[in-house]
Amino acid sequence: MSQGQPRRPQQAAGQGENQEPIKYGDVFNVSGELANKPIAPQDAAMMQTAETQVLGQTQKGGTAAVMQAAATRNEQVGVVGHNDITDIAGEQGVSVAETDVAGRRIITEAVAGQVVGQYVQATPVMTSQVGAVQQNAITIGEALEATAKTAGDKPVDQSDAAAVQAAEVRATGSNVIIPGGLAATAQSAAAHNATLDRDEEKIKLNQVLTGATAKLPADKAVTRQDAEGVVSAELRNNPNVATHPGGVAASMAAAARLNENVNA
């Protein structure tokens, strides 16, 4: 198995010419070196293996399936070989992690340390009535607690603080920032971190958001409008005008999607 960049084989005349490879940045919200790398067959194979090990099978329409489709097309047009693996994926690997939060399972998939897929699976809770399934909607507090697990090691910055504040406002229905509450704590953490250079010295999201439900004076089920408000706040306060994979806005959006499916 090659550990180098996907090779570009010699092409027969008229075959594979003017064919652009499908790169990671074309199908996933990734940046840097990975975004410009073609998706190679062995990258997809690694993700398929990881999904099978963690989830018991590959997910229909999931990250591994998307990668396999892209890699197959890249191989067909001659921009990668069947045994090729992207160098950065080979060196840093792929991962599939699952986190249980409030009876729900959050699946986070990554290539070379960058999140390429995240979704929430409901875990049905059986009631006393045989065959009946009760599924409660995810609350804002639970979505924030999920962030503590999916992006807990991220140093808190101004975009995180703004997103947490927007979430707290949505949960409580009040624009008044609660002294010592989640929003105030996140704002203090962001201000503190701005004075530091070393990430290991900075306050992380999990330090702010762990136990978020208990720290909110009121809570409510996440709606699409709630998620949009939080996403907007995070975007406005990020110099790159982007949300963080697995961050506050991403967790709120995932919760809103699941709640819509539950209520459908």
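Reader: What makes up the lining of the largest cavity by class, nonpolar, polar and charged?
Author: In this predicted model, the lining of the largest cavity has nine nonpolar, three polar and two charged residues. Of the 14 residues in that lining, I106, V120, I138, A143 and A146 lie nearest the centre of the cavity. Each of these five counts as nonpolar, because Ala, Val and Ile belong to that class.

Reader: Why is this space called a cavity, and what is its volume?
Author: The name cavity applies because a 1.4 Å probe fits at its points but cannot get out, whereas a pocket is an open set. The largest cavity has a volume of about 140 Å³, and the search of the whole structure finds one cavity of 30 Å³ or more.

Reader: Which elements supply the lining of the largest cavity, and how do you know which domains it draws on?
Author: Strand 2, strand 3, helix 6 and helix 12 each supply at least two residues, and the largest share, four residues, comes from helix 6. As for domains, at least three lining residues come from each of domain 1 (24-122) and domain 2 (140-263).

Reader: What is the volume of the largest pocket, and which residues lie nearest its centre?
Author: The largest pocket has a volume of about 440 Å³, and among its 20 lining residues G113, Q114, V115, H244 and P245 lie nearest the centre. Two or more lining residues come from each of strand 1 (94-101), strand 2 (104-111), strand 3 (114-122) and helix 6 (140-150).

Reader: How much space lies in the second largest pocket, and which residues are closest to its centre?
Author: About 250 Å³ of space lies in the second largest pocket, where N29, V115, G117, Q118 and P245 are the closest to the centre out of 14 lining residues. Strand 3 and helix 12 (248-263) each give two or more residues to this lining, which by class has seven nonpolar, six polar and one charged residues.

Reader: Why is helix 3 called roughly antiparallel to helix 4?
Author: Helix 3 (residues 41-55) and helix 4 (residues 63-76) pack at an angle of about 160°, with their axes 8 Å apart. Angles over 145 degrees count as roughly antiparallel, and therefore helix 3 is described as roughly antiparallel to helix 4. The crossing of helix 3 and helix 4 is left-handed.

Technical notes:
Residues are numbered from 1 along each chain as its sequence is written. This is a predicted model: local features need pLDDT of at least 70, side-chain atom pairs count only at pLDDT 80 or more; totals for chains, interfaces and linings use all residues. Side-chain values use heavy atoms; hydrogens and water are left out. On a 1 Å grid over the protein atoms alone, a cavity is a set of points where a 1.4 Å probe fits but cannot get out, and a pocket is an open set with protein on both sides within 12 Å along at least five of seven lines; lining residues have an atom within 4 Å of a point. Grid points are joined across faces, edges and corners, and a volume is the space filled by probe spheres set on the points. Axes are lines fitted to C-alpha atoms, for helices over the stretch in contact, and angles run from 0 to 180 degrees between N-to-C directions. Angles under 35 degrees count as roughly parallel, over 145 as roughly antiparallel, 65 to 115 as roughly perpendicular and the rest as oblique. A crossing is left-handed if the near helix is turned anticlockwise from the far one by less than a right angle, and right-handed if clockwise. Domain bounds come from an automatic or database domain assignment.
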